[in-house]
There are 2 protein chains.
Amino acid sequence: MTMAMSAKGEFGRIRDFLAPLAGDGAFGLTDDAAVIAPSPVSELVVTTDTVVAGVHYIGDEPAREIAAKLLRVNLSDLAAMGAQPRAYTLNFALPAAIEDDWVADFCTGLAEDQQRFGIGLLGGDSVSTPGPATLTATLFGEAPVGEALRRNGARAGDTVYVSGAVGDAAYGLMALQGGLADLEEAHRAALIARYRLPQPRLALGMALRGRATAAADVSDGLVADLGHIAEASGVAASIRLADVPLSDAGRAAAALADDGKVAALIGGDDYELVFTGPAGLDRSFGGGSVPVTAIGEVAEGTGVAVIGADGDPVALERTGWRHN
Amino acid sequence: MTMAMSAKGEFGRIRDFLAPLAGDGAFGLTDDAAVIAPSPVSELVVTTDTVVAGVHYIGDEPAREIAAKLLRVNLSDLAAMGAQPRAYTLNFALPAAIEDDWVADFCTGLAEDQQRFGIGLLGGDSVSTPGPATLTATLFGEAPVGEALRRNGARAGDTVYVSGAVGDAAYGLMALQGGLADLEEAHRAALIARYRLPQPRLALGMALRGRATAAADVSDGLVADLGHIAEASGVAASIRLADVPLSDAGRAAAALADDGKVAALIGGDDYELVFTGPAGLDRSFGGGSVPVTAIGEVAEGTGVAVIGADGDPVALERTGWRHN
């Protein structure tokens, strides 16, 4: 990797900021590559995301928040696989206008989440770009061989579950964009915080190994991500609208939003886990750090149906949104 | 990872092109993450590079060549660590103007080098950008636990070696930029090919496990990369200018270049291996697919000296160049 090579280049400053974050196997970011070894009974789970300033984030957020969100969307993928986080690499393409203060603040965000989630920086690369800042994080987790959660194991008769509350991020984005004007301030702040800073459900993901039949994280939206499970598993799934869990702030927002609770179905960025398995997992796992709610059923067929309080399907114009 | 999530987005097309490249543990690019397990006696070696259109490549090269070079600069890092290549992830940030033909040709380059080097696509991400195309490859290799080659093991008394011939890439770049006008066409073509398409020294790197005391690939330039070894090892190194190996085309170019053989010392992008070890490794390994030449010595001290034919040090204005 060229993070080491850039020691004398324009971005030597980045290595200076990053070197204190180097973990086991990173060789202090001074070698051609880094080394990571899972335990002999484990395999490595790998996930990666790229974000672009002005596309995936506004650009004027605190840099530490951008760093935390970049790590956490990837940590959420590890949670969906039931993996224990271990390490990560980072690739920076930065415009010349980015200043040391920004890099320092970004690294503060990294350092805080390294501590919080028990991960270390393994290496990376830093280059300059005439375009917008473009950041890639690749996260490495560990799971016992063959026990990583997949999307393709849902079977007819399984129950559909979701962790925590969905919709907060979508309502938070509405609020950031000037919507939900009548929302009380505490609720507004809670929703925006959920949009800005995902809480990856890592403990739940690991607890679901060997219990859930399929899992995904809610990044595109509840219906879209359950749809990914249904497609990979070759089954149909249904969601009972009334059972979809909202937070207190989410309920207050849904009461004000044009499309009510629909944002909770199609909004992305919640980073909860949606998963399938035998009946009763809500009781087994609901006592943990995050509640688990049974919201629907798996059946033979294809697609995802949302069932209203009257027992009839609810039509959705979109099944999710995405950044591209 | 969001390569799967982008199935319905603007870059669903990328998944369609990439899906046939998916290797073991990639789950057909349809899951939240991928899985890779080194053998129980091995560890994973990880390296990553980012390239930006207009910065690291011109942009009008054939896309398959950009793909191959991106993989190979990383494969060269694996070679420097003595690792056997296994798999890779790819992150694309692409402007809207990039067309399907470009993506298809890029994937042809990936497919060819997957075959050539025995690697499979593990996953990735694709997003759009208002800026230039920005591509990140992260390569995974495997080496027996504790046997990966490092930069920090050179000791006073060791011999310094380099594989193949150095300088070709630097002379090739000169030729591409309109220099070396009197060079004969076959030599010009050979040098440009070396600049465009690195040949990672993987077999040599693996053969050097347990034999070389330190190794790096020549990406910044021979003096700079030997300098990295010297710095990491806490030693000094010297290079005998007369012994630095040039190719036939490189010798022809050096005879025409303003600074003669200096480009072979400070030019980057050769992707040969520079390494240290006991005397005689040139005879042990020189019979392989690539020659190995003894070019200098390791001593106590710091820094890298280049010794001319008269036995006096040669002054270099630069010790290497870098892309940033």
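Helix α2(B) lies across β2, β3 (84–94) and β5 (134–144) of chain B, and α2(B) runs at about 35° to β5(B). Contact here means heavy atoms within 4.5 Å. The angle is taken between N-to-C directions, from 0 to 180 degrees, with axes fitted to C-alpha atoms, for helices over the stretch in contact. Helices (H or I, at least four residues) and strands (E, at least two) are DSSP runs, numbered from the N terminus.

This is a predicted model, where local features need pLDDT of at least 70, side-chain atom pairs count only at pLDDT 80 or more, and totals for chains, interfaces and linings use all residues; side-chain values use heavy atoms, without hydrogens and water. Residues are numbered from 1 along each chain as its sequence is written, with chains lettered from A and ligands numbered from 1 in the order in which they are written.

Back to the helix. After α2(B) comes Gly82(B), with a positive phi near 75°.

Now the sheet. Five strands form an open sheet in the order β1(A)-β2(B)-β5(B)-β3(B)-β4(B), with mixed pairing. Two strands pair if DSSP finds at least two bridges between them. At the edges are β1 (34–36) of chain A and β4 (120–128) of chain B, each pairing on one side only.

How many bridges join β1(A) to β2(B)? Three, and the two strands run antiparallel. Ile36(A) stands opposite Leu44(B) in β2(B).

Last, helix α3 (residues 100–117) of chain B lies across β3, β4 and β5 of chain B, at about 170° to β3(B).
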